[in-house]
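Biologist: I am new to this structure and would like to learn how to read its features one at a time. Could you show me the model and then take me through it?

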Amino acid sequence: MSQNIFTAKHAQGPVVEGVCLTAQDGFSARYDLDRINGVFSRPSHPLYGKPYHNTILVVDTAKGGVASAWMIYEMKMRNLCPLAIVFNTVNPILAQGAAHGGIAMLAGFEVDITTAIPSGSTLRINPAMKTLEIIRSAS
Amino acid sequence: MNLNQEEKAMLAGEFGPVRKTAIEHQIKVGDFFGAEDFVPVSQAHIMADTESLGEAGVLWLESLAKNAGKDRTVRIPTITDPRGTDFNKAKQLGQTEVMLALEKRAIAAFIKMGVSMTDTCINYQTIMAPVYGEHVAFGDTGVVIYSNSICGARSNFEGGPSALAAGLTGRTPRYGFHIEQHRQPTHRFLVRWTPESLNEWGALGGLIGRKSGNYWSVPVIEGIEGHPGSDSLKHFGAAMASFGSCALFHILGITPEAIHSHDLHYTHLAPIEINKADVMALQSSYRVSDEIDVVVFSAPQLSLFEMQSVAALCDGKKFKKPLLAVTSPQVKPDADRMGYTAMIEAAGGTVFAGMCFYQSYAREIAQANGWKRLATNSAKMVNILGGYGYTPILASMEDCVRAAETGRLA
């Protein structure tokens, strides 16, 4: 039986439930997103062209510059923002951005979370419990 | 987190609502990373261009700035990263009045909070470099990696809200690179070739960053011959931070925590060899076009010596394509006084100050000017601009200037 609850080392934000976009690549709001149109815009990103609003992003690591800390708040205020971001490894910028923007975030698992969670699965994120639960797997 | 009496008082609102907001944010971040307590910091550096802030971010800043003067003012020297424009040349970039108005509002809010508008990402070359062991709260990944690695200071990446919070409280959560054990190497690179040009240093930094993988990785580098100067290490670190999110590296015999190799624990790490072909492969991966629309020198802002080099290459030329050279407000007056600005602009180039290209509504100015194929010697910038719709090309400073003259890279 495959695992359907995963526990993170780091967690913050509200409980959320939604469909995930999974990529074995990094993530930066500055480098990867067209925030005006709400889609991934870096051509080499596996999620290129996909809309991210109200999704749970499951990605490998936090990349790039400090701008994401402002950008998450800005996206949240325009209601064009991921519900949550889940990382194998996070950096301070994305964690600070999640804290400022009030979105859910989990990071640090015993497995590679990007291979454990099929893209399109429905997930429940409970930061107080530091858990990610697969409600419905897309595999 | 364990709080001292002053921190408890801030949290209780005894130092006003702005500092309460600031320390609440810092505690959220500290709890997320398991910080035990706060560490006092001596300087803060805030990245806050308005393309990132947006209307919402500016409104948030203004909500802080409208508080009483004693409540809203930063406690420690707090400076700014490049802004989103050079007001003197904004129209040339195709920036709109809406963008400029937002910039002005953000600046007004920061000034009310006592922030010094230095508008630079090379503060370690121009304002006040931190010293060995000094705890700071710096934004801009290039500033942090240089300060940690070359100066031996202690900083995490501090995004704008966190850097401002540190300025207001005078402290930051103690996690990451404020803790000695996290400064030890995690990856060991054996470099078989020492770069010469800035683009080569950037490409090497980008490659090491890409191979290192994430923020918590600390590369130690062996095999560098001679002693790279500040500008080379600036491009090296900025690219490593950009490609790998790295915040600290060591170069044996050169950087302060690696002067004596026995101070570092790295011999158990398997060396990863890097040769010239590996570095050139990264550079070549961006060479998808010979035709170019624009040449940009930026990211990081140019030092006085980089401005001198660009000016010498521009002297006597006539450009077919726009060439933009972006420096800091501190370097610009010297570049003017020494004739570098005039030499660049006589050839048809333009010198900008106080902004950085990719932080200046890069997508919108591309559309306004019809720019897509962008040549630069900044490895950091080529890593960023793909997401903004550009086709960035990495080349030497000499080749970039020649491309501005002929319209194509040789």
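Biologist: How many residues of chain A are in contact with chain B?

Modeller: In this predicted model, where local features need pLDDT of at least 70, side-chain atom pairs count only at pLDDT 80 or more, and totals for chains, interfaces and linings use all residues, 34 residues of chain A are in contact with 31 residues of chain B, contact being defined as C-beta atoms, placed from the backbone, that lie within 7 Å. Residues are numbered from 1 along each chain as its sequence is written, while chains are lettered from A and ligands numbered from 1 in the order in which they are written.

Biologist: Which elements of chain A supply at least two residues of the side that touches chain B?

Modeller: They are strand S2 (10–12), helix H1 (29–32), helix H2 (68–77) and helix H3 (92–101), where helices (H or I, at least four residues) and strands (E, at least two) are DSSP runs numbered from the N terminus. By class, that side of chain A holds 15 nonpolar, 13 polar and six charged residues; Ala, Val, Leu, Ile, Met, Phe, Trp, Tyr, Cys and Pro count as nonpolar, Asp, Glu, Lys and Arg as charged, and the others, Gly among them, as polar.

Biologist: How should I read two packed helices?

Modeller: Two packed helices are described by the angle between their axes and the distance between the axes. In chain B, helix H10 (residues 198–212) and helix H11 (residues 230–244) pack at an angle of about 30° with their axes 7 Å apart, the axes being lines fitted to C-alpha atoms over the stretch in contact, and angles running from 0 to 180 degrees between N-to-C directions. Their contact includes B:Trp201 and B:Ile208 of H10(B), and B:Phe236 and B:Met240 of H11(B), and it has nine nonpolar, 10 polar and two charged residues.

Biologist: Is H10(B) largely enclosed or open?

Modeller: Because 13 of the 15 residues of H10(B) are buried, this helix is largely enclosed by the rest of the structure; a residue is buried if 20 or more other C-beta atoms, placed from the backbone, lie within 10 Å of its own. Just after H10(B), B:Gly213 takes a positive phi of about 100°.

Biologist: Where do H10 and H11 of chain B stand among the domains?

Modeller: Both give two or more residues to the side of domain 2 of chain B that touches domain 3 of chain B, and the largest share of that side, seven residues, comes from H11(B). Domain 2 spans 184–283 and domain 3 spans 287–406, with bounds from an automatic or database domain assignment.

Technical notes:
Contact = placed C-beta atoms within 7 Å. Buried ≥ 20, exposed ≤ 12 C-beta atoms within 10 Å, placed from the backbone.
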